[in-house]
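Welcome, and thanks for taking a look. Please glance over the sequence and the model, then read the short briefing below.

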Amino acid sequence: MPRVAITGVGVISALGNTAAEFWDSLQQGRSGIRPIETPGCTALRFRNGAEVDAYDSLQHFDEKQVPFLDRFAQFAVIAAREAVRDAAVNLTPDLQASGAVITGSCVGGQNTSDEGFVSLYREGRPRVNPMTIPRTMANAGASHISMELGLTGPGFNLSTACASAAHAIGLAYWLVRSGGAPIAVTGGCEAPFSLGFLKAWEAMRVVSPTTCRPFCRDRNGMILGEGAAMMVLEPLEAAQSRDAKIYAELCGFGMSSDASHITHPSTEGPALAMQRALTDAGIEPKHVDYINAHGTGTEVNDPTEAAAIRHVFGQHADRIAVSSTKSMHGHALGAAAAMEAVATALALHHQLLPPTANFTERDPAIDLDVIANQARAAEVEYAVSNSFAFGGLNAALVLRRAESQ
Amino acid sequence: MSNEISERVRTVMAKHLRVPVENIASDATFEDLKIDSLDSVNLLFEIEDEFDISINDQQARDIKSVPEMVAGIEQLLAAKAENPPAGAS
């Protein structure tokens, strides 16, 4: 079966507007969690988020383009442009004809929805912006990327809450592996900071009033984030024949459903997703050296994920380094898994494992080797990136270190 | 005061759980009533509405029974009486 290479990455997040800035923060254990600055997002029980800092649309888009793009779709295009530029791939007419765009976005254009509702319900106006539908639709990111790059192959968006981008990347991987597309731009995009949506998270009582401390004894919830991360996938052979830089190989994908509870995760579902990803990669649990965990920092997720990891890896879990980079880029919902997959690819590329930032004290209920606060140099051949959605829909990706070039 | 609050809490809970109010003992724990984390979030929302109070996440985490709920509400109502929100008469 053809192997698949990650040849380009792009990220815009609370950690900066490029993948280089993203990696710089990750390797330094520097968190992008700060007081929320989006106007109107006060009167909440939490104050902190991981927003893209001082974002200005006009630095990235023509004045004429902006009215067609909600913030989340802008992020999608910015990250995709960077990923393709980074891959240094010549998008020939053949590649454009069948090239795929597969994105994850959970909530689409929240800002646009919120503005429309304020206009109708608060200001009593009789109409909303006519671009509300095309700006709000969750596939807008994928659509704008396809238009920007002229890719006319398969294009779609997946919405599976916090696992959206993992499902997207996994399916893009399978598509490229099966020969269904000669190249894919894939990842996730999200911009969830609007008062109406933050109020909904407040009501769920899972957002931290302080910061995100995954796997710590005193963790008290997740911190929302925003941005986009995209990657370019190509058959390994094609990448090698054009001497492309290869960050890592994507080599396994597994999915499962808990089929149990709409918000409470199970141990079995996540374990099954990881097992299936390992089987898909054709490796055994003992081959895995690093896990980029789902690690939300909520009371329930972290010990459940730890138990699932222990269930799959048994004794070998003692030898797996684990971290949650959500402690730095926040939980960007539909974009989270893409940021984490890029973090994992960069970790393999640099052979340096990003830490769990904001780490205080180990939780005795979590029996894992959690990398605390400081990045760890390590020889890593295979890594797993976990994503588990509200609604019990789970996805795991397996990445492999690129062969030395 | 406490009895009246307890009655109102039990009424809200009975309605939420779709059971007769007699089934909600005044000393019942959430575990007795098979209330999971999602039920509890919904219940706190209805209680906040019923008493016009705001229960923070830490308080919410500590409430795991009817008496704890009643005690928490009493505390919040007392604090509200001392410091009425701006604009309240």
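This is a predicted model: local features need pLDDT of at least 70, side-chain atom pairs count only at pLDDT 80 or more; totals for chains, interfaces and linings use all residues.

Residues are numbered from 1 along each chain as written, chains are lettered from A and ligands numbered from 1 in the order written, and side-chain values use heavy atoms, without hydrogens or water.

**Strand 7 of chain A**
- Strand 7 (residues 227–235) of chain A has 9 of its 9 residues buried, so it is largely enclosed by the rest of the structure.
- Buried means under 20% relative accessible area, exposed over 50%, and partly exposed in between (1.4 Å probe, protein chains only).
- Strands are DSSP runs (E, at least two residues), numbered from the N terminus.
- Strand 1 (residues 4–12) of chain A pairs with strand 7 of chain A in the antiparallel sense over 8 bridges, with Ile12(A) opposite Ala228(A); pairing takes at least two DSSP bridges.
- Strand 6 (residues 184–190) of chain A also runs antiparallel to strand 7 of chain A, joined by 7 bridges, and Glu190(A) stands opposite Gly227(A).

**Ala357(A)**
- Ala357(A) sits in the loop between strand 11 (352–353) and strand 12 (369–370) of chain A, and is buried at 1% relative accessibility.
- Ala357(A) and Arg30(A) are 327 residues apart in sequence, yet 6.9 Å apart C-alpha to C-alpha.

**Cysteines**
- The whole structure holds 0 disulfides (cysteine sulfur pairs within 2.5 Å).
- The sulfur of Cys106(A) is 6.5 Å from its closest cysteine sulfur, in Cys162(A), which is too far for a bond.
- Cys106(A) is partly exposed at 25% relative accessibility, whereas Cys162(A) is buried at 7%.

Definitions and conventions. Helices (H or I, at least four residues) and strands (E, at least two) are DSSP runs, numbered from the N terminus.
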